[in-house]
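Trainee: I'm new to this one, could you walk me through a few spots in it?
Mentor: Gladly, let us look at it together and take the topics as they come.

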Amino acid sequence: MKLNRHCRGWVVATLACLALSPAWAQIRIGQTAGFTGPVAAGVKETTEGARLYLDSVNKNGGINGQAIELVSLDDKFEPPLAAENARKLIDDGVLALFLTRGTPHNQAIIPLVTAAHVPLIAPSTGSMVLHQPVQPWVFNVRASYQREAERAVRHLSLIGMSRIGLVHVNDSFGEDGAKGAMTGFKAVGREPAVDEKFDREKPDLAPVIAKLVKADVQAVIVVGSGTVVADALGKLRAAGSRAQLVTLSNNASQGFIKTLGDNARGTIITQVFPYERSINNGMVKEAMGLVAAQGKGAELTPAMLEGFAGAKVLVEALKRASPNITRERIKSALESFKRYDLGGLEVSFSTTDHSGLDYSDLSIVGEDGHFRR
């Protein structure tokens with residue numbers, strides 16, 4: 001069948017458009033995280049922050065005409081399911097894994113990405129096992145939990161609190177946070193007034209709360225997921241304790257504050273990114289602008305900022321690895337980062353250091369139900 005000149009021109013133009021269309025040319029990135037379960041609020045906000053930046057990049061042509069597609073799977077915050085999801089994503093050909101949530105979850109994934117040579121970028125955990133020794137295919141974009149917990153103890157001691165309790169989940173995340181806290185206690189010449197673990201699968205907080213109340217703690221650091229921390233605080237208040245509650249940045253989401261309900265005010269949460277309302281920070285200002293452009297009345301949160309920062313690192317790595325992007329080229333691109341400016345924060349990687357950032361700070365929930373610095 002012959003086509004006339006006009007038809008031939010239409011066919012050529014159509015094929016050209018299809019070839020450049022993001023739907024036909026995508027860079028697929030995989031994510032497994034607990035979109036349901038005890039960390040769902042934080043996961044949704046972190047992913048929303050990442051998509052905020054990725055959508056902006058895609059609207060402006062993507063990476064050399066290719067759109068970035070984030071394929072997100074729900075692992076219900078269960079490590080075996082996280083590993084199963086990661087294996088599926090790797091087998092489906094994603095170029096990298098991104099924003100995977102949870103310490104034991106990432107530990108289950110590391111052997112898979114190492115064997116398949118798939119970069120794991122911006123895992124949403126501050127576990128030291130992802131930092132030291134260096135995991136060749138893991139690239140962190142946040143400080144460690146140990147640093148956060150240590151700073152929390154130092155701060156409480158500095159403001160005159162001597163009876164400080166430590167409560168942590170009995171998994172690798174809890175052990176990591178507890179280790180940092182103990183470093184802080186040692187630095188200020190103290191011991192925790194109470195040091196208790198709780199079961200990850202079936203947390204029974206009643207005996208723990210009883211010990212905290214008996215010790216008349218002035219503050220308690222709780223290393224755990226959002227719903228468990230909220231439950232602990234509720235039980236503390238019900239038992240008559242006014243102890244200051246401190247938790248780590250895994251709970252730095254507006255959703256967590258809502259979970260705390262009437263007990264939210266005064267809770268301290270450690271942070272690993274700049275204040276989300278600071279227009280003097282370039283990255284924060286950029287993210288705020290994109291949120292405002294959506295026109296939905298939404299506002300930037302710490303969890304969103306974590307996803308946003310991770311997405312900026314991911315996009316820069318893809319740019320440096322293009323035009324022929326492979327898993328190995330992404331890894332090499334990341335290891336070429338030398339003080340890459342996210343907008344007020346500089347990220348560096350090398351073959352011997354995959355930590356990226358070491359920023360940490362403290363925030364407190366104000367009367368308006370928002371984080372304050």
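Predicted model: local features only at pLDDT ≥ 70, side-chain atom pairs only at ≥ 80, totals over all residues.

Trainee: Where does D216 sit, and what is its phi near?
Mentor: D216 belongs to the loop between α7 and β8, and its phi is near 50°, which is a positive value in a residue other than glycine. As background, most residues other than glycine have a negative phi.

Trainee: Which other non-glycine residue has a positive phi?
Mentor: N64 is one, with a phi of about 55° although it is not a glycine, and N64 is placed in the loop between α2 (40-59) and β2 (67-74).

Trainee: And is N64 buried or exposed?
Mentor: N64 has 60% relative accessibility, so it counts as exposed.

Trainee: Switching to helices, how do α3 and α4 pack?
Mentor: Helix α3, which spans residues 79-91, packs against helix α4, residues 103-116, at an angle of about 25°, and their axes are 8 Å apart. Since angles under 35 degrees count as roughly parallel, α3 and α4 are roughly parallel to each other, and α3 passes α4 in a right-handed crossing.

Trainee: Which residues meet there?
Mentor: From α3 they are P79, A82, A83, A86, R87 and I90, and from α4 they are P104, H105, A108, I109, L112, V113 and A116.

Trainee: What about α5 and α6, what's their angle?
Mentor: Helix α5 (residues 145-158) and helix α6 (residues 172-187) pack at about 40°, with axes 7 Å apart, and α5 and α6 are therefore oblique to each other. Their crossing is right-handed. On the α5 side the contact is made by Y145, Q146, A149, E150, V153 and R154, while the residues of α6 that take part include F173, D176, K179, F185 and A187. The residues of the contact of α5 with α6 divide into 7 nonpolar, 5 polar and 4 charged.

Trainee: Okay, new topic: how many residues does α8 have, and how far does it reach?
Mentor: Helix α8, residues 226-238, has 13 residues and reaches 18 Å from its first C-alpha to its last, which is close to the 18 Å expected at 1.5 Å a residue.

Trainee: Which of its residues are buried, and what do they pack against?
Mentor: The buried residues of α8 are G226, V228, V229, A230, A232, L233, L236 and R237. These buried residues pack against the strands β7 (194-198), β8 (219-223) and β9 (244-247), and also against the helices α7 (206-214) and α9 (254-260).

Trainee: And what follows α8?
Mentor: G240 follows α8, and the phi of G240 is positive, near 95°.

Trainee: Where are P133 and P323 found?
Mentor: P133 is in the loop between β4 (120-121) and β5 (138-139), whereas P323 is in the loop between α11 (302-321) and α12 (327-334).

Conventions: Residues numbered from 1 in each chain as written. Heavy atoms only, no water. Axes fitted to C-alpha atoms, helices over the stretch in contact; angles between N-to-C directions. Helix = DSSP H or I, 4+ residues; strand = E, 2+ residues; numbered from the N terminus. Parallel < 35°, antiparallel > 145°, perpendicular 65-115°, else oblique. Left-handed = near helix turned anticlockwise from the far one by under 90°. Contact = heavy atoms within 4.5 Å. Expected span 1.5 Å × (residues − 1). Buried < 20%, exposed > 50% of the residue type's maximum accessible area, 1.4 Å probe, protein only. Nonpolar A, V, L, I, M, F, W, Y, C, P; charged D, E, K, R; others polar.
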